[in-house]
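Subject: Structure handover

Hello,

Here is the structure for you to open. Please have it on screen while you read the notes below.

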Amino acid sequence: MPIAQSANLALRFLLEVCALAALAHWGFQAGEGTIARWTLGIGAPLLAAIVWGTFVAPKATVVVSSPVRFGLELLVFGAAVAALFAAGRPGLAIALGVVYAINRVLVAVWGQQTR
């Protein structure tokens, strides 16, 4: 596998981690009171990780069609971008969305889908 394709897969993993971090950041900012902040700050990325691991990850436990898988992937990354906007980080939101879009196009062009 050429270096650029390997780098794209590494970037993909980093984007997934960034999406979880964005959801956590939003949760800790959005909650009213300590309990709500901790619940949202941990619960939002945990829910996204469960969806990702169950339906989207290469070794997902539930096999779904490609359109459903792509829709769930868009849902997770869209939620992360929206979370950054809601947390007052529009620059980071735009950067995450743009880099994700470029990465996703390269994944499709290079046939890097795992299923």
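**Helix 3 and its surroundings**

The buried residues of helix 3 pack against helix 1 (3-30), helix 2 (34-56) and helix 4 (90-109). Buried means under 20% relative accessible area, exposed over 50%, and partly exposed in between (1.4 Å probe, protein chains only). Contact means heavy atoms within 4.5 Å. Helices are DSSP runs (H or I, at least four residues), numbered from the N terminus.

Before the details, note that this is a predicted model: local features need pLDDT of at least 70, side-chain atom pairs count only at pLDDT 80 or more, and totals for chains, interfaces and linings use all residues. Residues are numbered from 1 along each chain as its sequence is written, and side-chain values use heavy atoms, with hydrogens and water left out.

Helix 3 covers residues 66-86, which is 21 residues. From first C-alpha to last, helix 3 reaches 30 Å. That is close to the expected 30 Å, taken as 1.5 Å times one less than the number of residues. Its buried residues are R69, L72, E73, V76, F77, A80, V81, A83 and L84. An α-helix has 3.6 residues a turn, so residues three or four places apart point the same way. After helix 3 comes G88, with a positive phi near 80°.

**Aromatic residues**

The structure holds three aromatic pairs. Rings of Phe, Tyr and Trp (its six-membered ring) pair if their centres lie within 6.5 Å; planes under 30 degrees apart count as stacked, over 60 as edge-to-face and the rest as tilted.

W52 and F77 make an edge-to-face pair, 5.7 Å centre to centre with 80° between the planes. W52 is in helix 2 and F77 in helix 3, so this pair ties together parts 25 residues apart in sequence.

W52, F77 and Y100 form one aromatic cluster.

Is N103 buried or exposed? N103 sits in helix 4 and counts as buried because its relative accessibility is 0%. Leaving out residues up to four places away in sequence, N103 touches N8, L11, R12 and L15.

Q5 lies in helix 1. Q5 is buried, at 18% relative accessible area. Beyond its neighbours within four places in sequence, Q5 is in contact with W110 and Q112. Q5 and Q112 are 107 residues apart in sequence, yet 8.3 Å apart in space, C-alpha to C-alpha.

L11, F13, L14, V17 and V99 make a nonpolar surface patch of about 410 Å². Patch residues have over 30% relative accessible area and no salt bridge, and nonpolar side chains (Val, Leu, Ile, Met, Phe, Trp, Tyr) are joined within 5 Å, like charges within 9 Å. A salt bridge is a side-chain nitrogen of Lys or Arg within 4 Å of a carboxyl oxygen of Asp or Glu. Areas come from the Shrake-Rupley method with a 1.4 Å probe; for residues, only the protein chains shown count as cover.

Helix 1 gives the most to this patch, with four residues. V99 is in helix 4. V99 is partly exposed, with a relative accessible area of 31%.

Best wishes

How values were computed
Helices (H or I, at least four residues) and strands (E, at least two) are DSSP runs, numbered from the N terminus.
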